[in-house]
Amino acid sequence: MNWIKVGFAALMGTVLVSTALGSGSLLGIWHGKLHFDKSNLPLMKSPRKNSARMAALVRYEQANLTLTLKGDKTYRLLANGGPGHSTEVIGSWKIVGTSLLLQQMDHGRELGYPQVYTIDKSYRYFSVTKDQAGVKTTVSFSK
């Protein structure tokens, strides 16, 4: 009976150590980019609106994203250089399997659903791709 307890304790220790190592390698500052697949954009009725939309997407792609993952499982995301002014988002993060979940917070309250990023096996890159209104958008981060 004792060997079951010892085996279980060893297994839990292995799981905790591997989780700590995995999340530890994600700690720090990450640099991100937005990318819009503009090849299949649905056309708008006005050519002027099509041009304005394309120009706005290009400006968003020029934004610099800086994501800081902290050891206390919180994060800070700064977006600079896109249209408008700088934006800051704060929240909490966690790893579930091979996914990084970023949950935006406001005064201790969760906002919406978490963003789910796929973590590369090397832990040097993570990204998410979504298709909204015919626009495929990828957000990726690397060190």
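Lys38 is partly exposed in this predicted model, its relative accessible area being 23%. The residue belongs to the loop that runs between β1 (28–37) and α2 (47–61). Its side chain meets that of Glu61 in a salt bridge, with an N to O distance of 2.9 Å. The two partners are 23 residues apart, and the pair therefore links distant parts of the chain, since Glu61 is located in helix α2. Because the limit for burial is set at under 20% relative accessible area, Glu61, at 18%, is classed as buried, whereas Lys38, at 23%, is classed as partly exposed.

A polar atom of the Glu61 side chain is placed 2.8 Å from the backbone nitrogen of Phe36. When neighbours within four places in sequence are set aside, the residues in contact with Glu61 are Lys33, Leu34, His35, Phe36 and Lys38.

In total, 2 salt bridges are counted in the model. Arg76 is partly exposed, with 36% relative accessible area. Glu88 is partly exposed as well, at 46%. In general, side chains of opposite charge can pair when their charged atoms come close.

Confidence was examined along the chain. The mean pLDDT of the protein chain is 82, and 82% of the residues score at least 70. The lowest confidence occurs in helix α1 (residues 2–24), with a mean of 36, and the highest in strand β7 (residues 115–119), at 97. Over residues 1–22 the pLDDT remains under 50, and the model has 2 contacts beyond four places in sequence for this segment. Where pLDDT is low, the predicted coordinates should not be read in detail.

Note on methods:
Residues are numbered from 1 along each chain as its sequence is written. This is a predicted model: local features need pLDDT of at least 70, side-chain atom pairs count only at pLDDT 80 or more; totals for chains, interfaces and linings use all residues. Side-chain values use heavy atoms; hydrogens and water are left out. A salt bridge is a side-chain nitrogen of Lys or Arg within 4 Å of a carboxyl oxygen of Asp or Glu. Helices (H or I, at least four residues) and strands (E, at least two) are DSSP runs, numbered from the N terminus. Buried means under 20% relative accessible area, exposed over 50%, partly exposed in between (1.4 Å probe, protein chains only). A polar contact is a pair of N or O atoms within 3.5 Å; within protein, one must be able to donate a hydrogen and the other to accept it, and residues adjacent in sequence count only if both atoms are side-chain atoms. Contact means heavy atoms within 4.5 Å. pLDDT is the predictor's confidence in each residue, from 0 to 100.
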